[in-house]
Amino acid sequence: MINRFVRRGVPALALVPLLLAGPAAVRPDPAAADSAPPARTPVQLLALNDLHGNLLPVEGAAGRITHRGPAIQAGGLAQLATLLDEARAGRPNTLTVGAGDVIGGSPLLSALFHDEPTVDALEELGLGVTSVGNHEFDEGPAELRRMVDGGCHPEDGCAPDAPYQGADFAYLAANVTERGRTTPLLKPYTVKTLPNGQRIGFIGLVTKDAPGAINAAMIRDVEFHDELPAIERYSRELTRQGVRAQVVLLHEGEAVSGQAGAGCDDGSPGAGLGGRIKALAEQAVPAVDLIVSGHSHSSYECTVNDPSGHRRLVTQADSFGRSFTDLRFELNATGDVVRSTVRAEYRPVPVGTAQQPAMAKLIETWRTRSEDVANRVVGYISADIPGRGSTLPETPLGSFITDAQVAAGKAHGADLALMNPGSMRADLVFQDGGAVTYADAYRVQPFEGALWVLPVTGAQLITALQQQFTGVNADSPRFLQLSEELNYSVDMSRTGADRLLADTVRINGQPVDRDATYKVVLNEFLANGGNGFTVFGEITAREGGEVTELEALVDYLQATTTTSTPAAPPAPGRITFVSGRS
């Protein structure tokens, strides 16, 4: 790795021998006692997911945990490292694992160096294995391979100190192949060996629906396959190798973030869990003992029944390093997981936790390297402008950003702008007298995708607004953020496309004309039909592309705000919610 001035904190279990805790059992044959495993071997997995390169705590509402009791501000890898050290103490059979999106959509501190700082930090953290998530593909499969194998970035070259040497933890992608091929893009599984010789197999996958959450231009030569056949295939391979303890790391989460939480099993196993993850957890082959999941960003610990009727645990931690899951179980003498011993504990990471010195030093070194770019003031705000941390479908930051995108598209005659909510990664937080730095702007708009102006008919615009409630968005509506030129009403007591009250759609106060053409600013992801907004992907004509999402936001802040005229949070009302309209 680039950063060699600190010693790696926790090596991979399979590579470094560790001493088993506790006295050896008394056996008739001392020689046999040295080689034979005990009747039960305690194992600990420390699991995280959806870090998204957040080495420092996320500020504002997006950095809070609100669905597990009183709200707390949480996160920070130096704080997480301290708590993982404490959790590992006296437990030598410990592995740290991930369930995808550990990089991608990252703040400037990591993204400026193409997430090499995050890989560096995860090595220091002791990560042993992770699955890929959809965001590992943000820059395409070639860049993902570079993150795994090492080498300097093809355009920006090497970061300071030394060429990037790749990840020393296993990156898994059992259900991702090059188009037309059957061999996985990365390793499908890995096996970790405990000091007593017992083995645990890890199969890593990403949701087959990942293409809907990735810029289509980045994955034209990649295919994402059904999860269950891939799990079965590689579970059988592990079984043939005599690996009886099997864990799936799966980047797929519950349908509604925060719904399951601590009461997941109230009433019946997995009663609080919804979405595809529940069906996958119930249907995966019985040889799989437990599932560590990700993708929906909110923590849960749930029990389901596998196809043989046996108890199986499925868990997820909160995103951005705000919590981790402490899983514990025992292996019997034959190497099987004793299902009755499997336990999971939710462990939040309060920002006030003492920082582990080695991790704090590593992060500070990368922060120093980025500070000249990061600390440049680009604008001013008068109060918090919530985005990712907002609970409203129409977020203040979403309105602010889409207004900025209309301004950026005026050279091409833009009429309005729409943005997928996932493009907002944080909030604009009022601090330092309201100053907004380049790092602050980057934190909320990190993808740097091009902005395009598409000719969209009124009929296509209505279809797009209906797609907020249909297809992949049917179970969990996805509200597009919208600029001030557009407004409409919805009735959530209805279902599907009927939730949009089409006759209420207005552009600049006038009813939308289904036959007219409007110039709509979209980021590249949305213009390519991402998040189920397929109608945009059908439009081949487009203008622009010379300005990115981030540039549009920075330009708008610089052009419209000063210390004496800071930006205020936009007023709500672009979307009106009604009920029971006949």
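The model is a predicted one, in which local features need pLDDT of at least 70 and side-chain atom pairs count only at pLDDT 80 or more, while totals for chains, interfaces and linings use all residues. Residues are numbered from 1 along each chain as its sequence is written, and side-chain values use heavy atoms, with hydrogens and water left out.

Asp326 also makes a polar contact with the side chain of Arg328, at 2.9 Å. Asp326 belongs to strand E15 (residues 323-331); helices (H or I, at least four residues) and strands (E, at least two) are DSSP runs numbered from the N terminus. With a relative accessible area of 2%, Asp326 is buried, where buried means under 20% relative accessible area, exposed over 50% and partly exposed in between (1.4 Å probe, protein chains only). Leaving out residues up to four places away in sequence, Asp326 touches Gln44, Leu45, Leu46, Ala87, Arg343, Ala344, Glu345 and Arg347, contact being heavy atoms within 4.5 Å.

Asn54 is placed in the loop between strand E1 (41-48) and strand E2 (64-65). A polar atom of the Asn54 side chain lies 3.0 Å from the backbone oxygen of Leu51. Beyond its neighbours within four places in sequence, Asn54 is in contact with Leu77, Pro107 and Phe320.

Next come the nonpolar cores, each a set of buried Ala, Val, Leu, Ile, Met, Phe, Trp, Tyr and Cys residues joined through side-chain atoms within 4.5 Å. The largest of them has 46 residues, and Phe137 and Phe224 have the most contacts inside it. Two or more residues of this core come from each of E1, helix H2 (77-88), helix H4 (116-125), helix H5 (141-149), strand E10 (222-224) and helix H8 (357-374). H2 gives the most, with 7 residues. Not counting residues up to four places away in sequence, Phe224 touches Phe137, Asn175, Val176, Val206, Thr207, Lys208, Ala210, Pro211, Ile214 and Ile219. A second, separate core holds 31 residues, including Tyr488, Val490, Ala527 and Val535.

Turning to the rings, the structure contains 8 aromatic pairs; rings of Phe, Tyr and Trp (its six-membered ring) pair if their centres lie within 6.5 Å, and planes under 30 degrees apart count as stacked, over 60 as edge-to-face and the rest as tilted. The ring centres of Tyr189 and Tyr234 are 5.9 Å apart and their planes meet at 50°, so this pair is tilted. It links distant parts of the chain, with Tyr189 in strand E8 (residues 189-193) and Tyr234 in helix H6 (residues 227-240), 45 residues apart. Both Tyr189 and Tyr234 are buried. Phe400 and Tyr556 form an edge-to-face pair, at 5.3 Å centre to centre and with 70° between the planes. Since Phe400 lies in helix H9 (residues 396-409) and Tyr556 in helix H14 (residues 549-560), this pair ties together parts that are 156 residues apart in sequence. Phe400 counts as buried, at 5% relative accessibility. Elsewhere, ring pairs join Phe469, Phe479 and Phe577 into a cluster.

Charged groups also meet aromatic rings. The charged end of Arg369 sits over the ring of Trp366, 4.4 Å from its centre; a charge sits over a ring if NZ of Lys or CZ of Arg is within 6 Å of the ring centre and within 35 degrees of the ring normal. Arg542 lies over the face of Trp452, at 5.3 Å from the ring centre.

Finally, there are 2 disulfides, a disulfide being a pair of cysteine sulfur atoms within 2.5 Å. In the one formed by Cys152 and Cys158, the sulfur atoms are 1.6 Å apart, and the torsion about the S-S bond is about 50°, so this disulfide is right-handed. Cys152 is partly exposed at 31% relative accessibility, and Cys158 is partly exposed with a relative accessible area of 41%. Cys264 and Cys302 form a disulfide with sulfur atoms 1.9 Å apart. Both Cys264 and Cys302 are buried.

Conventions: A polar contact is a pair of N or O atoms within 3.5 Å; within protein, one must be able to donate a hydrogen and the other to accept it, and residues adjacent in sequence count only if both atoms are side-chain atoms.
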